[in-house]
Amino acid sequence: MKVLTNIFLLVSLAIGIIFMSIYQPEYFYGLEYDVRVINGFKNNSSLPLVIWCSSNSGDLGGRALQEGDDFSWSLKTSFWGTSHFLCTMKWDAMRRKFDAFKVPRDLQRCSLFRKCSWLVREDGFYFSNDEVYWKKDFSWL
């Protein structure tokens, strides 16, 4: 009887996994999010905002963003929930590392549009999931 119960549980689990991968692949393979970092400085036309981003699966490289420019990418969350994108920002003598996307923090706050946007200004880093309402998340220092 115990052997039959174990076999039933294993078959049920296998059927569940197959069902998820066929009918709801976004939940099995991960959800797709768009991440965008925008240079929101007002008076830095002569000095770009330098950004360099990497993830636990690779390096996205660096960019020099002039006033109003952005650096964006799409990602899929991993099955294990370990997706993490770390960026280093440099402007003049200021330098700051921050998590541009990190599970589980951003699964909820970016969830409605699956969009995580950052606006970098002279006084700090602002977050939005719709690019209409911005909330200051932290300062440079």
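View 1. The model shown here and in every view is predicted. The side chain of Arg36 meets that of Glu131 in a salt bridge, with 2.6 Å from N to O.

View 2. Is Lys115 buried, partly exposed or exposed? Its relative accessibility is 28%, so Lys115 counts as partly exposed. Side chains of opposite charge can pair when their charged atoms come close.

**View 3. Four residues are linked in a network of salt bridges.** The members are Arg36, Asp70, Lys115 and Glu131. The structure as a whole holds 7 salt bridges.

**View 4. Arg109 forms a salt bridge with Asp137.** The closest N and O atoms are 3.4 Å apart. Arg109 is in helix α3 (residues 105-109) and Asp137 is in strand β9. The two residues are 28 residues apart, and the pair links distant parts of the chain. Arg109 counts as partly exposed, at 22% relative accessibility. Asp137 is partly exposed as well, with a relative accessible area of 31%.

**View 5. Five strands form an open sheet with mixed pairing.** The strand order is β4-β1-β7-β8-β9. Which strands are at the edges? They are β4 (70-76) and β9 (135-138), each pairing on one side only. Neighbouring strands of this sheet are turned by 25° against each other on average, direction ignored.

**View 6. Strands β1 and β7 run parallel.** Strand β1 covers residues 32-39 and strand β7 covers residues 115-121. They are joined by 6 bridges. Val37 has Trp118 in β7 as its bridge partner. Ile38 stands opposite Leu119 in β7. In a regular strand the side chains alternate between the two faces of the sheet.

**View 7. Strand β7 is largely enclosed by the rest of the structure.** Why is β7 described this way? Of its 7 residues, 5 are buried, so the rest of the structure largely encloses the strand.

**View 8. Strands β7 and β8 form a hairpin.** There are 2 residues between the two strands. β7 and β8 pair in the antiparallel sense, over 5 bridges. Arg121 stands opposite Gly124 in β8.

**View 9. Four strands form an open sheet with antiparallel pairing.** The order is β3-β2-β5-β6. The edge strands are β3 (58-65) and β6 (94-102), and each pairs on one side only. On average, neighbouring strands of this sheet are turned by 15° against each other, direction ignored.

**View 10. Strands β2 and β5 pair in the antiparallel sense.** How many bridges are there between β2 and β5? There are 6, and β2 spans residues 49-55. Ser54 stands opposite Leu86 in β5.

**View 11. Thr88 is a buried residue of strand β5.** The strand runs over residues 84-91. Thr88 has 18% relative accessibility. The cut-off for buried is under 20%, so Thr88 falls within it. What does Thr88 touch, not counting residues up to four places away in sequence? The contacts are Val50, Ile51, Trp52, Arg95, Arg96 and Lys97.

**View 12. A nonpolar patch lies on the surface.** Val3, Leu4, Ile7, Val11 and Ile15 form the patch. Together they have about 490 Å² of accessible area. Ile15, one of these residues, lies in helix α1 (residues 2-23). Is Ile15 buried or exposed? At 54% relative accessibility, Ile15 is over the 50% cut-off and therefore counts as exposed.

Methods:
Residues are numbered from 1 along each chain as its sequence is written. This is a predicted model: local features need pLDDT of at least 70, side-chain atom pairs count only at pLDDT 80 or more; totals for chains, interfaces and linings use all residues. Side-chain values use heavy atoms; hydrogens and water are left out. Buried means under 20% relative accessible area, exposed over 50%, partly exposed in between (1.4 Å probe, protein chains only). Contact means heavy atoms within 4.5 Å. Two strands pair if DSSP finds at least two bridges between them. Axes are lines fitted to C-alpha atoms, for helices over the stretch in contact, and angles run from 0 to 180 degrees between N-to-C directions. Patches are made of residues with over 30% relative accessible area and no salt bridge: like charges are joined within 9 Å, nonpolar side chains (Val, Leu, Ile, Met, Phe, Trp, Tyr) within 5 Å. Accessible areas come from the Shrake-Rupley method with a 1.4 Å probe; for residues, only the protein chains shown count as cover.
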